[in-house]
Amino acid sequence: MSINSEQEWAERAAAFLKHKIREGEITYADLAKRLKKQGFKSESEASIANKLARGSFPATFFLACLAALELDGVALDEI
């Protein structure tokens, strides 16, 4: 796996989350509810859509999404 820029990392992280959300048949509204349980009280369907569309978000958001999606055994080369 060879990623040459910060932008490529951002695009891959956003694409990975979008794929896992679709794969789990979870809506952004559902994810917002799950993130609230993870302590992300201000996330909404729109804020999640915006973050994933622009491809930039904090690592804390990414990790909370992984937890909210209840993903087990995520390997770095999957991202």
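**Entry 1: α2 against α3**

I began with two helices and noted that α2 and α3 are roughly perpendicular to each other, a label for angles of 65 to 115 degrees, where under 35 is roughly parallel, over 145 roughly antiparallel and the rest oblique. Their axes cross at roughly 105 degrees and come within 8 Å. Axes here are lines fitted to C-alpha atoms, for helices over the stretch in contact, and the angles run from 0 to 180 degrees between N-to-C directions. Helices are DSSP runs of H or I with at least four residues, numbered from the N terminus.

I wrote down the ground rules before going on. This is a predicted model, in which local features need pLDDT of at least 70 and side-chain atom pairs count only at pLDDT 80 or more, while totals for chains, interfaces and linings use all residues. Residues are numbered from 1 along each chain as its sequence is written, and side-chain values use heavy atoms, with hydrogens and water left out.

Which residues meet between α2 and α3? From α2 I listed Tyr-28, Ala-29, Leu-31, Ala-32 and Leu-35, and from α3 Glu-45, Ile-48, Ala-49 and Leu-52. Contact means heavy atoms within 4.5 Å.

**Entry 2: the faces of α2**

I looked up the buried residues of α2 and found Leu-31, Ala-32 and Leu-35. They cover an arc of only 105 degrees around the axis, which puts them on the same side of α2. The arc is taken from the directions from the helix axis to the C-beta atoms. Buried means under 20% relative accessible area, exposed over 50%, and partly exposed in between, with a 1.4 Å probe and protein chains only.

On the other side of α2, I noted Lys-33 and Lys-37 as exposed. The buried residues of this helix pack against α1, α3 and α4. Just after α2, Gly-39 has a positive phi of about 100 degrees.

**Entry 3: α2 against α4**

I then checked α2 with α4, and their axes are 9 Å apart at an angle of about 100 degrees. That makes α2 roughly perpendicular to α4. Leu-31, Arg-34 and Leu-35 of α2 make the contact with Phe-61, Ala-64, Cys-65 and Ala-68 of α4.

Leu-35 is listed in both helix pairs, and I looked up its contacts. Leaving out residues up to four places away in sequence, Leu-35 touches Phe-40, Glu-43, Ile-48, Phe-61, Ala-64, Cys-65 and Ala-68.

**Entry 4: the faces of α3**

The buried residues of α3 are Ser-47, Ile-48, Lys-51 and Leu-52. Seen down the helix axis, they fall within an arc of 125 degrees, so they line one face of α3. Ala-53 and Arg-54 are exposed on the other side. The cover over the buried residues of α3 includes α1, α2 and α4. Just after this helix, Gly-55 takes a positive phi of about 75 degrees.

What is the relative accessible area of Lys-51? The value is 14%, so Lys-51 is buried. Its side chain is joined to that of Glu-43 by a polar contact of 2.4 Å. A polar contact is a pair of N or O atoms within 3.5 Å; within protein, one must be able to donate a hydrogen and the other to accept it, and residues adjacent in sequence count only if both atoms are side-chain atoms. Apart from neighbours within four places in sequence, Lys-51 is in contact with Glu-43, Ser-56, Phe-57 and Phe-61.

**Entry 5: the nonpolar core**

The largest nonpolar core has 19 residues, and Leu-17, Leu-31, Leu-35, Ile-48, Phe-57, Phe-61 and Phe-62 touch the most other members. Such a core is a set of buried Ala, Val, Leu, Ile, Met, Phe, Trp, Tyr and Cys residues joined through side-chain atoms within 4.5 Å. At least two residues come from each of α1, α2, α3 and α4. α4 gives the most, with six residues. I checked Phe-62, which is found in α4, and it is buried at 12% relative accessible area.

**Entry 6: loops and positive phi**

Glu-25 is not a glycine, yet has a positive phi of about 55 degrees. It lies in the loop between α1 (6-23) and α2 (28-37) and is exposed at 71%. Glu-70 also has a positive phi, near 55 degrees. Glu-70 lies in the segment after α4 (59-68) and counts as exposed at 63%.
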